[in-house]
Amino acid sequence: MTTSTATSANIGPESRLTILQRQRRWGWVFLSPWIFGFFVFTFFPMIASFVFSFTNFRIGEPIQLLSDNPACVAEFGSLRCLFGNWEKMFTDPVTSNALGVTLRFMLIAAPISILFPLGMASLLNSKFLLGKPILRVLFYMPFMVPAISGVFIWQSYLNGQTGYLNRILRLLGITEPPNWLFDSAYMHTAFVLIGLWGVGNAMLTMLASMQGVPTELYEAARVDGATGPVVFWKITLPMISPVILYNLVLSLVGLMQYFIVPYVMSNTTRSDPSANFINLHLYRTGFAFGDMGFASAQAWLIFIVALAFTVGIFATSRRWVYYASGG
Amino acid sequence: MATTVNKATYNKAVNTSPFYAVQLRKFATYGLVTMFAVLFLLVYLSPLANMFMVAIRSQEQLSQTADSSIFPMGAKKYEYKGKQLPIFKVEIDGVTRELAQVSATRRSSVFIDPANPEAGEITWEGNWRTLEPVQVMEAHFENFAEAWELINFPRLMGNTLFIAVTGMIGTLLSCICVAYAFARFPIPGKNLMFIILLGTIILPGQVTLIPTYAFFASIKWTGTWLPLIVPHFFANAYNVFLLRQYFLTLPRELDEAAMIDGAGPFRILLNVIIPQSWAAIISVGVFHFVWSWNDFFGPLIYLLGQKELQPVSVGIQVFNFQYGQRPDLIQATSLMAMAIPVIIFFLAQRVFMRGVVITGVEK
Amino acid sequence: MKRNVALLLALAFVLALVPLANANAQDKVVVTWFIGLGTGTNVDQIPVQEAVAKKFNESQTEIELKLNIAASNQAAPDVLSTLIAAGDAPDIVGPVGWSGANLFAGQYLDLKPLVEKMGYDLSQYPEALVKQYESPEGLIGIPFAVFPGVLYINKDLFDEAGLAYPPTEFGAKYMLNGEEVDWTWDTLVEVAKILTVDANGEDATSDAFDPTKIVQYGFDHQWDTIRADFDTFGGNPFYDAATGKVTVPDNWREHAKFMYNAIWVDHFMPNNTAVNSDLLKPHPFASGKIAMSRTMLWYTCCLADLKSNWDLAVVPSYKGNYYSVTDMDTFRIMKASKNPEAAFKVLTYLQGEAALDLLKAYGAYPGLPELQEPFIKGLQEKYPSVQNWGVAPASMAYAISVHESYYPNFAKGQLRFADFATLLRGDQGASIDVDAELDKLAADLQTIIDEVKK
């Protein structure tokens, strides 16, 4: 796909281009697959969903802009009607509760989603660890379990009466272990536990990054007599900070869209408002209740919040992310 | 930046110890770290053990109390008058005997002694539930064979493999190029474009599903693998982001040296960037492979009605019907389906070891 | 490298286009049949449906029947929504009960004009049954399957407790402690308590009974909506379409209290934790640890692996009346169908020639009277140890199906009902005030209904 552009850049007025111009041109060449794919596969669905958020789109019914509803316009004016779905988001208590639940869950889950795989990756990177090839596979294995069977197993594993976890806890002398999935006080903890099985990707990327730290840096540190924790803090962490940034952004975006686990569990946790995450609420609004217009507005709310997080993290990243190439 | 190391306190103990003590200490560290890792792993993988134990249970054995063994146990049986009778430990006249239960009520049970059936039936007063059953291990590995046959496992695996591998190739080719562009080239508006790239994964997929489906339906791609494969040839945010982050950690000196030698951007990518980034590239490959392997909703909707084309993730659903799940077969299928990703990962991860050597030597 | 990309792309295209080319090869009218809103996705049912479609396609040259099985029941409504919204709606959906179908209310074709045009004989069905399918949208289905509510009993557990089996005829008496008593819900409570046993062998009537160590339960309302559970005490509507008002019917209050006592006071019915525990795997009655399950005839789908000696019995009476809460399934044609006449032809094939095969696979009692006898015969062959199949047709006389009735904003309302069920059976269920929660339920339903009426 990049062939034609690439060759045309090599002939003709090439000699007259400055190095910067030539570099730019190459940049566009390498970028072109994404730009093409973006406009073909992603751009229009995104725009469409944005437009939906200003309509009364219900599945199976004709779409109409909210400002085309004469009754509404007569009462509130066409602009306010057009933003009806957006207004509803701020007045609907279920939506704000769902957003609150998601943000609160994020507060616990986000740090764990970084620290837990970081610990695992450090362990797997330790030179004192024997049998690394096997252990790496075993640590990564939960990530390969298909989501549907994974959630089933966790439902069984966390059951208050017969679950393995509580059987282990009873063995350890805790006579009344929590009823993880049916007690709203413990439900988020249970979700975090299930989430521990999803850190394989974060662990893998951190490990890959740790492996890329030049050994000479460690040798230099050893010569200077630095101890393990200091080496970790002063060398490993800065050197893998680009990947931590990556995982942090993905983790926050993923938590804003947290869906699969509460969705599959929803047959048992349904009545609990603390299991009603914003993306699950969006999904129900759009698919179960058929109100795609309102669901689209919620999706764009998620988009705005998650984008704000992402931009915020990138803005601070200059202070804590270290790029050897100079960024 | 933070690469300079503070002068740490010199560890005298290490330096002054006799040689064997240093060795011993090293040995102990190996032991401790490995033991910790194994213990941690046991806890971390205990749900996986649970999964395996479900996969080898019979339908009858699926019902468990909190006191049941975690292994698939079945009652030891004795055949009597054409019936399989369960055996219990019964105390009669101060002697504990293993007897087969012929019939039971709440107050008394009738037993027969398998060692001496001619002695006739023995009536025992008491509630049989207080007796300890004699159990034997009874693993049902045939669940794997049953699942294999019920869902035409080889065909599902072939489909899954094709979708995952072609998608993986596509995502690697495109994402490496695009990440290279973001990491190394002075494109105007690069930061804004990068945010747009991330934006494509920030918007929840549920609301773009309908227009996306409508698009694929309009170009007649529904009912084929194309919607599951082709988009991956045009890069996605997850992998571009990861590779960009990794490429940015590579110092520019080597690029510049190659450029002075007259290498063009393609040559630099192939000879300088990629050889330094195998660990990250393999991560992306594995990640896409595993993701595609388990992707469920995409194949479900785009391959609706095309049974011949469906992957394992959809095929497994026949054991998950609303009225009457087969947890044993779901887990058996999942374990079988995991085999290939596990093998691929095992082979791929050797590159992680090499990653260290290459970077170390080249710099 | 670039050549490789091109090659792979070409390869992927070619391979993926093969099935597409096949599908387009024929010049027939394609009728798609969407399965997944109700039963039909079970591993034993899929081959039966495939055979039915194959037979149809071989029988004639004009129509090509294509099966679209959305393998996951949980995801099927989303798939259907997407298909409809993207203009790719199927022609026929089903089998689907009212509850599943109400999610897509307004999308179904009125069959009446087609019935008249094609000269289809509706009089072969009982008139009352046909009436059930007349909604404000018109006639949206033809009676296909009826699933009366029955009691599934585990005879082994009755034997062990030394109890008589529940009656198999309506009006028959039950022998309890040597006395003849009426088979009422009160009697069921007495029996169920004896059949609930803890790990030490103590039953729920004993003072030494330990409710934290239950290994066998006496009774369960299995796999049903709370609306169906409520209606076992009589089916009264909660919503008046004329006034738009929601009221809590008496049977709700009485039955909610019955369930509260059953779960939290007498402990003979499992709570949510127990239902989802390994004790009741693979599913409650099939675990062999439940003595009596009240559910519908479709549950015969799933008992092939139950080793216990099980049978059917009639539901108990409440205040002198029997209520068999009954599901009714049909096939429906979507309004968006491009070939409604071809779809109707397929529909009549599914209702007629193919019906018996399908009904057997679904475990559904036929709506067409002439199929009822061969159907029972089929069940007898599948489960030779079960004797009292007569319970199913007898229950039809007491059938009610208010529990599936439509009301505005249906999907959201059903979720609110499910919330009540999880509240009652969930971790905090013991501490709730049933009456207050029911009032809250009614108030919320009113809000939910009013939401769309504006």
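**Ground rules.** I number residues from 1 along each chain as written, and chains are lettered from A in the order they are written. Since the model is predicted, local features need pLDDT of at least 70 and side-chain atom pairs count only at pLDDT 80 or more, while totals for chains, interfaces and linings use all residues.

**Val284(B).** I found Val284(B) in helix H12 (residues 278-294) of chain B; helices are DSSP runs of H or I with at least four residues, numbered from the N terminus. Is Val284(B) buried or exposed? It counts as buried because it has 25 C-beta neighbours inside 10 Å (buried takes 20 or more other C-beta atoms within 10 Å, with C-beta atoms placed from the backbone). Contact here takes C-beta atoms, placed from the backbone, within 7 Å. Leu242(B) sits 42 residues from Val284(B) in sequence, yet their C-alphas are 7.8 Å apart.

**Cores.** Next I looked up the largest nonpolar core, which has 292 residues (a core joins buried Ala, Val, Leu, Ile, Met, Phe, Trp, Tyr and Cys through C-beta atoms within 7 Å). Helix H5 (residues 153-184) of chain B gives it the most, 15 residues. Val346(C) is among the residues with the most contacts inside this core. Beyond its neighbours within four places in sequence, Val346(C) contacts Trp33(C), Phe56(C) and Ile92(C), among others.

**Chains A and C.** I noted 20 residues from chain A and 25 residues from chain C in their contact.

Methods: Contact = placed C-beta atoms within 7 Å. Helix = DSSP H or I, 4+ residues; strand = E, 2+ residues; numbered from the N terminus. Buried ≥ 20, exposed ≤ 12 C-beta atoms within 10 Å, placed from the backbone.
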